[in-house]
Amino acid sequence: MVDVTEEEMDNCTFKSDTVLSDVHLHCPNKRHLMVRLNAVGQPVFLSYFKILWNTEDTPAEKHVREAATEREKQYRSGDELCDQDRNNLKKERELTSEGVEALLDDDGDLDVVRRPRRASDLEVEDLLRDRVYPVILMKGNDDAFEDEEQECTRSDVVKIEHTMATPLEDVGKQVWRAAFLLADYILFKRDMFRCCSVLELGGGTGITSIIMGTVAKRVYCTDVGEDLLSMCEQNVALNKHLIELERGEVKVKELDWLKDEFCIDPEAPYSWSEEEIADLHDHCTVIMAADVFYDDDLTDALFRMLHRITHNLRNSCTVYLALEKRLNFTLRHMDVTCEAYSHFRNTLNDLENLQDRKMKYIVEPIKLDFCQFLIYERIEQL
């Protein structure tokens, strides 16, 4: 048993190989209950994610958005420049337009016009800061978590156990933006997915499969690693009332992309039965994966798995892939690159150009102009 003191929780330090998801940082006024330590000693948190069926902004969100928009307009138009800065800018334009040296200060340095900060700017920043401040509670603080416990059976709240920071090999235990993006699309197109049989590759905490389980007939949520699959199964159980409300079903199964066959060993946890494999092949029409393209070898393995599975399906199938294009500075290129994304695109192109008499793959992008039902930052890199 590993003891984690309150002081250690207040002074968290991350190693160089730590990967941190920021989804939980964008949950306004939400608290995260540390419920246990998992098998490898990582703190496991329980978070509540509300489905916003009414997608209109709250008064606070509306104020933040309007203030930020107005500030940007004023900044672009120069309205926020104080009199002195406006005069300096005018002089600078006059001087440079006549071919004379740019405006300099008393020391001979270039005088850069700066935009002054206003009180309204600070107010907006305070509101935004409130949106990204997680409150971590230790298990046993029942009074502080009473409101969340009352939400456990609500039809618009998803409960997820997850970690907040892990080594790269355990990133499936965190919640990622692309999973929320795919969940948004499922909720937006829920009539299209109704009564479908679905396979998720790299399901992680299971949040996307759980959302899909509220509309689809059956979902096979797959990943690898007993500790991760146990967490995923726990999350399915926590949200059983949401899934059963629509008479759906989510099954947690092991599927290792580095192996050619399904795990059918009855002694192994999360193995497949022959009936389940036959059901998948006979009825699956949707395959999905979210934020699983971060390692080139795993990307290659996933596409090989996709090719094997789709070849055995009786019906035509649509594959939904969601990911975040992550920018990294590399010494090899001495520039900001997206190597994992570039490899994903190249592999996707290879799949589309594959000469196969039985199968034909067509790749189509989806515009991200659909409604947002979950609270996260929908950045342009998604």
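Trainee: Which residues point one way from S7, and which the other way?
Mentor: Ser 197 and Leu 199 point one way from S7. Val 198 and Glu 200 point the other way. All of these are buried. This is a predicted model, with residues numbered from 1 along each chain as its sequence is written.

Trainee: What makes a residue "buried", and what makes a run a strand?
Mentor: Buried means under 20% relative accessible area; exposed is over 50%, partly exposed in between (1.4 Å probe, protein chains only). Strands (E, at least two residues) and helices (H or I, at least four) are DSSP runs, numbered from the N terminus. The chain has 13 helices and 13 strands. Buried residues make up 41% of its 382 residues.

Trainee: Why are S7 and S8 called paired?
Mentor: Two strands pair if DSSP finds at least two bridges between them. S7 and S8 have four, in the parallel sense, so they qualify. Ser 197 stands opposite Arg 218 in S8.

Trainee: How many bridges join S8 and S9?
Mentor: Five, again in the parallel sense. Tyr 220 has Lys 251 in S9 as its bridge partner. S9 is mostly covered, with four of its five residues buried.

Trainee: Which elements do the buried residues of H11 pack against?
Mentor: Strands S7 (197-200), S8 (218-223), S9 (250-254) and S10 (284-290), plus helix H12 (296-312). The buried residues of H11 (274-283) are Glu 276, Ile 277, Asp 279, Leu 280 and His 281.

Trainee: What makes a set of residues a nonpolar core?
Mentor: The members are buried Ala, Val, Leu, Ile, Met, Phe, Trp, Tyr and Cys residues, joined through side-chain atoms within 4.5 Å. The largest such core here has 45 residues. Val 158, Phe 180, Ile 186, Phe 193, Val 198 and Met 212 have the most contacts inside it. Helix H6 (177-188) gives the largest share, nine residues. Another core, of 27 residues, lies apart from it; Cys 284, Phe 293, Leu 302 and Ile 309 are among its members.

Trainee: Which residues is Ile 186 in contact with, leaving aside its neighbours within four places in sequence?
Mentor: Phe 193, Thr 208, Ile 211, Met 212, Val 215 and Met 288. Contact means heavy atoms within 4.5 Å.

Trainee: Why is Arg 177 called buried?
Mentor: Arg 177 has 9% relative accessibility, so it counts as buried. Its place is in helix H6. Beyond four places in sequence, its contacts include Asp 22, Asp 291, Glu 324, Glu 377 and Ile 379.

Trainee: Why does Ile 379 count as buried?
Mentor: Its relative accessible area is 15%, so Ile 379 counts as buried. It lies in the segment after H13. Not counting residues up to four places away in sequence, Ile 379 touches Arg 177 and Glu 324. The C-alpha atoms of Ile 379 and Arg 177 are separated by 8.9 Å, although 202 residues apart along the chain.

Trainee: Why is Ala 322 called buried?
Mentor: Ala 322 has a relative accessible area of 7%, so it is buried. Its place is in strand S11. Beyond four places in sequence, Ala 322 is in contact with Ala 178, Leu 182, Ala 289, Ala 290 and Asp 291.

Trainee: Why is Thr 347 called buried?
Mentor: Thr 347 has 12% relative accessibility, so it counts as buried. It sits in helix H13 (339-352). Beyond its neighbours within four places, Thr 347 is in contact with Thr 299, Asp 300 and Phe 303.

Trainee: What makes a space a pocket rather than a cavity?
Mentor: Both come from a 1 Å grid over the protein atoms alone. In a cavity, a 1.4 Å probe fits but cannot get out. A pocket is an open set of points, with protein on both sides within 12 Å along at least five of seven lines. Lining residues have an atom within 4 Å of a point.

Trainee: How much space lies in the largest pocket?
Mentor: About 1200 Å³. Of the 38 lining residues, Val 319, Leu 321, Val 363, Glu 364 and Pro 365 are the closest to its centre. H6, H12, S11 (318-322) and H13 each supply at least two residues of the lining.

Methods. This is a predicted model: local features need pLDDT of at least 70, side-chain atom pairs count only at pLDDT 80 or more; totals for chains, interfaces and linings use all residues. Side-chain values use heavy atoms; hydrogens and water are left out. Grid points are joined across faces, edges and corners, and a volume is the space filled by probe spheres set on the points.
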